[in-house]
Amino acid sequence: MRVAPDELLRALADGEPHSGTELAREFDVTRAAIWKAMRKLVHWGLDVSAVPGIGYRLARPIDLLDARALRRALAPRTARRLARLEVLTELDSTNRRLLEGAPPPAGELAACLAEFQTAGRGRRGRRWVAPLGGGLCISCGWQFAGAPRDLSALTLAVGVVARRALKDAAGVDVALKWPNDLVLDERKLGGILLELAAEAQGRCYVVAGIGINVALPPKSLARLSDWPRGAIDLATAMRGAPPPRLAVAARLLDGLADLFASFADTGFAPYRAEWRDADYLLGRRVKLDDPAAPANGTARGIDRDGALLIETVNGARRRVISGDVSVRSA
Ligand code: BTN
């Protein structure tokens with residue numbers, strides 16, 4: 001007999017010690033089966049200790065996400081627009097799951113959250129890694145009747161939605177690094193990955209994935225980001241008291257549903273001023289990593305369509321629509 005690791009996880013989520021014998025009795029399996037399932041928890045990045053004579057315990061409690069509680073925390077207008085909401089313990093990628101599944105009906109939102117991703121996707125082919133329960137991995141899918149105008153700026157608008165959600169649920173002021181990074185205290189707090197699938201009859205299926213570091217073990221934080229000062233999580237920014245992940249997730253879903261429902265009509269305009277206020281790169285010396293045409297210069301904000309403007313050393317303006325931009329040290 002086996003025990004499902006996610007059931008074992010639920011039993012240990014309180015952070016209290018649980019004896020192997022009691023767990024074996026509760027799940028009606030052998031102690032060896034409990035030990036085997038425990039290895040999966042370690043694989044998920046959890047800090048599990050086995051104290052002789054006391055039992056197994058997690059280094060800290062985990063507020064596991066729950067689909068029903070999340071649904072209840074949504075604004076009524078969002079709940080009405082929700083075609084599907086899944087919260088899974090382990091998945092390869094929430095973006096992949098939505099993209100490869102059937103799109104939701106027009107005007108409705110599909111949402112998928114995972115506690116742990118085995119192949120989380122980052123921008124430009126990178127991986128997105130987060131230990132179980134340490135972050136938020138959330139994707140939302142929406143079907144537009146045709147490619148909306150300002151589609152190229154949709155990632156930026158999602159950044160504004162994430163910024164508002166983090167302000168509401170956590171009280172933090174996040175900066176936005178063009179095109180997709182969420183920044184706190186010069187470090188990466190999270191990122192956005194927008195993926196598109198062209199559909200029949202010109203329809204356009206958009207999946208917006210957001211990853212946010214909430215409370216990560218310090219050693220995984222240090223490994224996470226290629227930013228000069230590394231990554232940050234909400235727990236560090238909020239001196240050990242991060243908000244419940246459910247609250248952040250609910251505000252993200254509210255904001256994304258509102259954004260998607262109105263974007264075809266309004267475009268980027270209602271988000272542009274706020275994006276400019278939060279522009280992390282503005283006025284900084286930057287390097288554009290474009291193999292065909294690299295450039296150094298000063299970031300001068302974004303234009304109407306969300307393209308980044310770089311003033312190069314000879315005074316010319318370069319309009320950047322894709323690529324990696326990093327800050328150059330003084
Ligand atoms: C980046 O900064 O490169 C973007 C990271 C986006 C990560 C999120 S986590 C939820 C969603 N599912 C994925 O596979 N990726 C995105």
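What follows is a short tour of the ligand site and then the cavity.

Keep in mind that this is a predicted model. Let's start with the ligand. In total, 21 residues surround it, and the closest are S93, T94, R121, R123 and K188.

| Residue | Protein side | Ligand atom | Distance |
|---|---|---|---|
| T94 | N or O atom in the side chain | nitrogen | 2.9 Å |
| R121 | backbone N or O atom | oxygen | 2.7 Å |
| N180 | polar side-chain atom | oxygen | 3.5 Å |

How much of the ligand does the protein bury? On its own the ligand would expose 420 Å², and the protein buries 98% of that. As for where the shell comes from, helix 6 (94-100), strand 5 (135-144), strand 8 (187-198) and strand 9 (204-213) are the elements that each give two or more residues. Strand 8 gives the most, with four residues. Sorted by class, the shell around the ligand has 11 polar, six nonpolar and four charged residues.

Now for the cavity. The structure holds one cavity of 30 Å³ or more, and the volume of the largest cavity is about 30 Å³. Its lining is made up of T155, G159, L176, K177, P179, N180, D181, I192 and W275. By class, the lining has four nonpolar, three polar and two charged residues.

Technical notes. Residues numbered from 1 in each chain as written. Predicted model: local features only at pLDDT ≥ 70, side-chain atom pairs only at ≥ 80, totals over all residues. Heavy atoms only, no water. 1 Å grid on protein atoms, 1.4 Å probe; cavity = no way out; pocket = protein on both sides within 12 Å on 5 of 7 lines; lining within 4 Å. Points joined across faces, edges and corners; volume = space filled by probe spheres on them. Nonpolar A, V, L, I, M, F, W, Y, C, P; charged D, E, K, R; others polar. Near = heavy atom within 4 Å. Polar contact = N/O pair within 3.5 Å; in protein donor to acceptor, adjacent residues only side chain to side chain. Areas by Shrake-Rupley, 256 points an atom, 1.4 Å probe, with all protein chains shown as cover.
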